[in-house]
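This report concerns a single protein chain. Please consult the sequence and the coordinates together while reading.

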Amino acid sequence: MTMDFLNDAFMQRSLLAAVLVGITAPAVGIYLVQRRQALMGDGIGHVAMTGVGLGFLLNSSPIWMATLVAVAGSIAMELIRAYGKTRGDLALALLFYGGMAGGVMLTSLSKTGSNANLSSYLFGSLSTVSSEDVTSISLLAAFVVLVTVGLRKQLFAVSQDEEFARVTGLPVRALNLLIAVTAAITVTVAMRVVGLLLVSALMVVPVAAAQQLSKSFRATFVLAVATGIAVTLAGTVTSYYQDVPPGATIVLYAIGIFIALTLLATPLAKRRARAAEAATKDCDAQIPATRRPTDDVKV
C-alpha cells in the first residue's frame, strides 16, 4: 500500500479530522465509563440529529447547529439523571427518539438537505469533510482536550465518587454538567468521521480495551487515546482504499483491538496471580514459626 492517498486534499482533511476524533472520543469516554454512562454518547447522537436537520433547514452549518442542540440535550439529560427519579427513563426515551424524529423531519423539510446528506452525518463520510468542517472540528476538539486534561483530577473524583467529591468541596453539579457538555461537543466533533450512530462506540471501546492492560487512570487514559488514534487512522485509510464506510470500519477495528487485548490480558493476569501467590508463600516461609501472629491466637 503506497502513501498516494496523502496527495488528495480531502484525505488530508479526513486524516486530520480522524486524529482529532481519535483523541477526543476516548478522552471523554473514560469519564463516562467511570460514571457507568457508556451509552450516553449514543443518546446525545440521537439528539444531535435535530441540530443537523435544523442546520439544513436554516441553511447554516450543521456542525455548529448540532453542537448547540447536543449541548442543550446533554444538559437536559444530566438534569433528568439528577432529578428525574422514577420517570427519568421515560423522559430520556422521549428525548432520544424525539431528537431522531426531529432530525429526519427537519431534513426532509429543508431545500438543501436530503436523506443522502443526513446519512453522511449518521455513519460518517470521508468525501464530505470540508475545510470549514476541519476548522470547526479543530476548535471544538481543542475545548474538549483542554477540559478533559486540564480538569482530569476533578472530573475523575466526580466520576469515581460523587459523595466524596462533594465532601471535599468540589462543585459536583457544575462538573457533572461540564462532563455532559463535553460529551455533547465530542459527539459533534466525531460525526463527520464516525457518524452520530457509531460515535458512542469510539468513546467506550478504546477505554474498555485499555482497561484490559492498565490499572491506573493515567495509563488507561494514555492507552485509550493511543488506541483511538490508531483505529481512526487505520479505518480512514482502509475506507479510502476499500470504499467501505469509515465509521463502521473504525468501530470494527476498535472491537478487534479490544478482543486482542482481552485475549492477551487473560494469561498475563493468571501469571501475575501466580507470582503474587508465590511471593506471599515466600514471605510466610521467612517468618520464624515462634513469631507468627497466628501462634498467639487462642482457640
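## Basis and confidence

This is a predicted model, in which local features need pLDDT of at least 70 and side-chain atom pairs count only at pLDDT 80 or more, whereas totals for chains, interfaces and linings use all residues. Residues are numbered from 1 along each chain as its sequence is written, and side-chain values use heavy atoms, with hydrogens and water left out.

The average pLDDT (the predictor's confidence in each residue, from 0 to 100) is 83 for the chain, and 84% of the residues score at least 70. Residues 293-299 have a pLDDT below 50, and this stretch has two contacts (heavy atoms within 4.5 Å) in the model beyond near neighbours in sequence. Where pLDDT is low, the predicted coordinates should not be read in detail.

## Salt bridges

The model contains three salt bridges, each defined as a side-chain nitrogen of Lys or Arg within 4 Å of a carboxyl oxygen of Asp or Glu. E78 and R35 form one of them, with an N to O distance of 3.3 Å. Because E78 belongs to helix α3 (residues 62-83) and R35 to the loop between α1 (9-34) and α2, this pair ties together parts that are 43 residues apart in sequence. Helices here are DSSP runs (H or I, at least four residues), numbered from the N terminus. E78 is buried at a relative accessible area of 5%, and R35 is buried at 12%; buried means under 20%, exposed over 50% and partly exposed in between (1.4 Å probe, protein chains only).

A salt bridge also joins R192 and D133 at 3.2 Å, N to O. R192 is in the loop between α9 and α10 (199-211) and D133 in helix α6, so parts 59 residues apart in sequence are tied together. Both R192 and D133 are buried. Within helix α8 (residues 162-167), E163 and R166 are three residues apart, about one turn of the helix, and their side chains meet in a salt bridge at 3.2 Å, N to O. E163 is exposed at 52% relative accessibility, while R166 is partly exposed at 42%.

## Two buried helix residues

T148, in helix α6 (residues 131-150), is buried with a relative accessible area of 1%. Not counting residues up to four places away in sequence, T148 touches A27, V28, Y31, L155, T182 and F221.

V181, in helix α9 (residues 172-190), is buried at 17% relative accessibility. With the same exclusion of residues up to four places away, V181 touches V71, S74 and I75.

## Exposed leucine

L109 lies in helix α4 and is exposed at 55% relative accessibility.
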